[in-house]
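Here are my notes on the model, as numbered points.

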Amino acid sequence: MASNEPALDTPMPPVSLYGDVPGETESWEEWDPTEESVRPVRGRHRVAKQRGGLARSSTVLGVGVIAAVGAGGMATAQTKPPVSISLPDSISENLPDLGSLPGVGELVSHDSPDAPKTAAARADQKIAASPLTMTGLSTSEAEQGATDAGEALRARILQQAEQQKAGAIAEAKAAAQKAAAEKAAAEAKAKQDAAAAKAAAEKKAAEEAAAKKAEEERLAKLAASYSLPVGSYTITSTFGEAGSMWSSGHHTGLDFAAPTGTPLKAIHSGTIKSAGWAGAYGYRTVITLDDGSELWYCHQSSLAVSEGQKVSTGDVIGRVGATGNVTGPHLHLEVHTPSGTGIDPMTWLQSKGLNP
């Protein structure tokens, strides 16, 4: 009985991939893309146009082949003998490696002579043959059992968020520690400055107290060697007072009012420079001190010393009177520097530890 199936060595006519009915004859013609489109033609492929139909590119044909192979389509039907598939060169050259496509690589036989032998290669092959949902997974994630790219991406995002949160917490902690350290340093410095200021104040107070004590001791020592000229008196006129009663226009000394005959004492030891009548000063005694300063005792009622005589502190040199240009009995005391300039007797006596 004759068989209707073609012999295996008999070439089969090309099978149309456009869904044409076997046996139906269609005529084809070259299609110039410039006739209907201004989009430039890229690559070597040529596009055929079916009469009254739609244009199909090599890319569409490639996808159709992949779908047909992956679904076990008509090219691999088990009920029919194998048929040859003829593809234009432009299509076959542009088709991707099936083993490298996600979800398609698992269709490639692992028993081929070119199958990877090493564990790493087998792992890469396993990843390449994994479903499309594993697209975007790293090798380490795939080895750890991750099978979903979305979940892996979500895990990465959560991990990055946790890392950023941990980094922010660490930065905040470091900033807080730095602020606390700066605050502690500022407080320590403030305490140190306060302690230093207190110590300086205490030192200054101690120095001032020591200086005051030394001055008091000096004045006490001076007071022992100096004496007020009158024991009982009243200050009536001071140095520098202005008035017509004085020929210079102002008072040139310090007046101690006391009854006539009140003893006058040497304020400090010295030498009698002069003792006698001095016009408006009445009877006057001048004592020259060791430093060259001069003490003038004026308006005396009587004199008790003479020129060239040595006197000591407290020695009586005369008595209170009202001689010369006066309005009443009193001692007119003047102090002159070694150069002859008159100075305030009150200030000079106070510098010697005396307080009139």
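Where is T313 found? T313 sits in the loop between β9 (310-311) and β10 (316-320); helices (H or I, at least four residues) and strands (E, at least two) are DSSP runs, numbered from the N terminus.

1. Basis. This is a predicted model, in which local features need pLDDT of at least 70 and side-chain atom pairs count only at pLDDT 80 or more, while totals for chains, interfaces and linings use all residues. Residues are numbered from 1 along each chain as its sequence is written, and side-chain values use heavy atoms, with hydrogens and water left out.

2. Surroundings of T313. With a relative accessible area of 28%, T313 is partly exposed (buried means under 20% relative accessible area, exposed over 50%, partly exposed in between; 1.4 Å probe, protein chains only). Leaving aside neighbours within four places in sequence, T313 is in contact with S225, Y226, S227, A266, I267, H268 and S269 (contact means heavy atoms within 4.5 Å). The C-alpha atoms of T313 and A266 are 5.3 Å apart in space, although the two residues are 47 apart in sequence.

3. Polar atoms at T313. A polar atom of the T313 side chain lies 2.5 Å from the backbone oxygen of S225. The T313 side chain also reaches the backbone nitrogen of S269, at 3.5 Å.

4. D193 is partly exposed at 40% relative accessibility. Helix α5 also holds E215 and R218, three residues apart, again about one turn; their side chains meet in a salt bridge at 2.6 Å, N to O. E215 has a relative accessible area of 34% and is partly exposed, and R218 is partly exposed at 36%.

5. A salt bridge between strands. Which residue does K273 meet in a salt bridge? The partner is E294, at 2.6 Å, N to O. K273 lies in strand β6 (residues 270-277) and E294 in strand β8 (residues 294-303), so the pair ties together parts that are 21 residues apart in sequence. K273 counts as partly exposed at 44% relative accessibility, whereas E294 is buried, with a relative accessible area of 14%.

How values were computed:
Polar contact = N/O pair within 3.5 Å; in protein donor to acceptor, adjacent residues only side chain to side chain. Salt bridge = Lys/Arg side-chain N within 4 Å of Asp/Glu carboxyl O.
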